[in-house]
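Biologist: I'm new to reading protein models. Could you walk me through a few features, one at a time?

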Amino acid sequence: MVGTQDGATSPKSAHQAHQVPQVQDLESLSSSSGSDNSASSSNSSSGTGTPNVANSATILIATDHPDAPLPEITLVEALEADSSPPTPRFIQDAGSWKRWKWVPYPVRRSIVAVIRWAHGPATPQRFRIKPLFPNVQYAPILLLEKKFPRLRHRLWLLFFWIAIWIITFALVMRKELDVDEIPGWGRPVSIGCGAAYWNMDNGCGLNGMQCRPFTDSGFAFKCPANCASYQALNPRAVGDQEVVYRPLVVGGPPATGPDITPVYRGDSYLCGSAVHAGVVSNAHGGCGVVRLIGTQRNFSSSYRNGIESIPFDSYFPLSFTFEEGVQCSAKDMRWALLAISVVFSSVLSVLITSPTLFFFPVFTGIYWTVGLATDPANITDVPSLISRELGSFLPAILAAWVMYDHMGIRRSLTGLTAQFEKTVLWLGGCWVGALTNYTFDFIPIQRLTPHDLQQQPGARAALAIIIVVLTIITASQVWFFRQEGRLVRYLKFYTLVGAGLILCVILPDLKLRIHHYILALLLLPGTSMQTRPSLLYQGLLVGFFINGIARWGWDPVLQTAYALQGDAQLGSPLPALAAPVISLGTNISSITFTWGKPPGRIYDGISVLVNDVERFRTYFSDDEFDKNAPSDFTWTREGEEVGRDNEYFRFAWMQGYKSEDYTKAGVWTREGEWIAMAPGPSRVKKRGFTEEEKEEDGRKRLA
């Protein structure tokens, strides 16, 4: 049998050794088989205990002498007694494919070859990272063990380091909140990058009554950093223009000529306009004072501070500008907070070898840095923001434990002593993924939905490139998993995942949406090995997960089409207008519009926008209150307005107080000519609806 490590034999092994027969080698077998019966009898009578067994597949010879060394067991296979030819391979394979005889033999052979290949080599290997420059990468570990030899002391040091991290972060964030009052205007109010005075379409009501006052008002504000990248994700009308995937900033100082007081249309983003005007910094944010100045006209376009504003050659009832000479010390501290968290997390990564003590403090620190500093939700009140982030953090930390213990993070980090490589690849990748609003902002994909991929320029090409890169990465990971002998297990897992996604796609009335955190959870198991590429991929995916939850929360993977479209076009029917009647005069001119009946009973009114402001609204029914409602709309120009500006008209059916899709803008030029609107509500292509589908869709939205 088998000896101990020192070569000695245990009592039990020695006892068994005397009972194990010794197998004769090939030469002895030949000589023994060639001897006659007398030799055989002689051997038997000599007491050697070596019987001669004829026609046996294996011949066993035992040596029973008490002083003999421990024998080695050797099996010698004899030739088959009969000389019949072997069974052909295709006949042998046929037995295992009885139920699949309809599958051609070459296909079956290919399937078997693929399955055998997928199981990997006979001796799988588990990948381990051998540190580059090991003396350098081991130095922090040895230094820590030398200075703090006891585990208890190292745990107290970890606790102290995390406490210093939290206190430093809180003090810097408190400094950001301490803003001095502006004389005459008070303390600046924090606003988000998308804040605006005017709501789109008829959101401000008839003649903008719900967005008053139009003039003699204002307030002190404070903007966060990076507002130049805040864009309109669905088409917004500015006259006959459609603004999408760019900041909604209308007007400003002219592109050439002397600098004058910038004037912006009322529906412009306040913070984007402040960046364009140079009042606040895009990199650090800042504060200022906005003042309403009422009706203005001829808003010019210019490129300033990374934002190209939008021109508008007519008038708008609400406009604003910024007070000059305002002294304000407010500053967005997100970059300082980011630097603090990067430094503290990097020190933890370099000094700690325990995967548990590394992962969970780093995950928590990055989560709160993203949620409070680098990519906060659109909430300006800090206590409300903390409450919101805390509500998402509790399930996030549970998901982090699942990712760590069951999705490969523990396997990748266990036994890893390449401290600097772990810091650069895993932690660096995690920060890159968590800062996706900066690091991947150049990719022209805002939301991974068919609607956005169709209307956003360059989105489909970018998606194709991403798919090619993911395919290359997947192929390399498949090879690594095969070498470790774990490929079949993961192929089964991803087959189930694919089946689940297909089921989600075919469910009626629901749309599949792959959020940041869903993408991370789907791909993370494919990184569960200790290779340098896997460390980088795993860190990126964990960062994606953190950014998705900290910024957007736990959005469902299945959403209704109505929830996904937001303020996009609804695909509703548009009013059909007759050719307008135009009357031109020296001091007064008019244009009159008439329309047909609405296409369904769910539409009970019509709304008319002039220069993107609702100027007319009426309802039609057999009710006593509505039976005398007008069936046309007349717009007039009087006095100095005649021949001064172009005017833009848009029309939409209504359900109660809610408007449906508006038409594209028709233009009544300053010369009095009418340019009819182009067909459709926007550039977005929509499928055709039957009248029954339109009415049913309207009922759902109304409900």
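This is a predicted model: local features need pLDDT of at least 70, side-chain atom pairs count only at pLDDT 80 or more; totals for chains, interfaces and linings use all residues.

Biologist: Okay, then are Phe 127 and Phe 480 buried or exposed?

Modeller: Both Phe 127 and Phe 480 are buried.

Biologist: And how do I describe a pair of rings like that?

Modeller: In general, you give the distance of the centres and the angle of the planes for a pair of aromatic rings. Here there are 44 aromatic pairs in the structure. Take Phe 127 with Phe 480: the ring centres are 5.2 Å apart and the planes stand at 90°, so we call the pair edge-to-face. Planes over 60 degrees apart get that label.

Biologist: Where in the chain do Phe 127 and Phe 480 sit?

Modeller: In distant parts of the chain, 353 residues apart. Phe 127 belongs to the loop between helix H5 (105-118) and helix H6 (134-147), while Phe 480 lies in helix H16 (residues 459-483).

Biologist: Which residues do ring pairs link into a cluster?

Modeller: Among them are Phe 358, Phe 359, Tyr 404, Trp 426 and Trp 554.

Biologist: What about helices that pack together?

Modeller: Two packed helices are described by the angle between their axes and the distance between the axes. Look at helix H9 (residues 334-351) and helix H10 (residues 355-374): their axes come within 10 Å and cross at roughly 175°. Angles over 145 degrees count as roughly antiparallel, and H9 and H10 are therefore roughly antiparallel to each other. Their contact has 7 nonpolar, 6 polar and 1 charged residues. On the H9 side you'll find Leu 337 and Leu 338, among others, and the H10 side includes Phe 358 and Val 362.

Biologist: Can we try a single residue? Where is Cys 223 found?

Modeller: In strand S2 (residues 215-223). Cys 223 has a relative accessible area of 3%, so it is buried. Leaving out residues up to four places away in sequence, Cys 223 touches Ile 191, Cys 271, Gly 285 and Gly 286. Also, 7.9 Å separates the C-alpha atoms of Cys 223 and Asp 332, which are 109 residues apart along the chain.

Biologist: Last one: which helix has the lowest mean pLDDT among the elements?

Modeller: That's helix H2 (residues 26-34), with 37, while helix H13 (residues 419-434) has the highest, 97. Over residues 1-63, pLDDT stays under 50. For the protein chain, the mean pLDDT is 81, and 78% of its residues reach 70 or more.

Definitions and conventions. Residues are numbered from 1 along each chain as its sequence is written. Side-chain values use heavy atoms; hydrogens and water are left out. pLDDT is the predictor's confidence in each residue, from 0 to 100. Helices (H or I, at least four residues) and strands (E, at least two) are DSSP runs, numbered from the N terminus. Contact means heavy atoms within 4.5 Å. Axes are lines fitted to C-alpha atoms, for helices over the stretch in contact, and angles run from 0 to 180 degrees between N-to-C directions. Angles under 35 degrees count as roughly parallel, over 145 as roughly antiparallel, 65 to 115 as roughly perpendicular and the rest as oblique. Ala, Val, Leu, Ile, Met, Phe, Trp, Tyr, Cys and Pro count as nonpolar, Asp, Glu, Lys and Arg as charged, and the others, Gly among them, as polar. Rings of Phe, Tyr and Trp (its six-membered ring) pair if their centres lie within 6.5 Å; planes under 30 degrees apart count as stacked, over 60 as edge-to-face and the rest as tilted. Buried means under 20% relative accessible area, exposed over 50%, partly exposed in between (1.4 Å probe, protein chains only).
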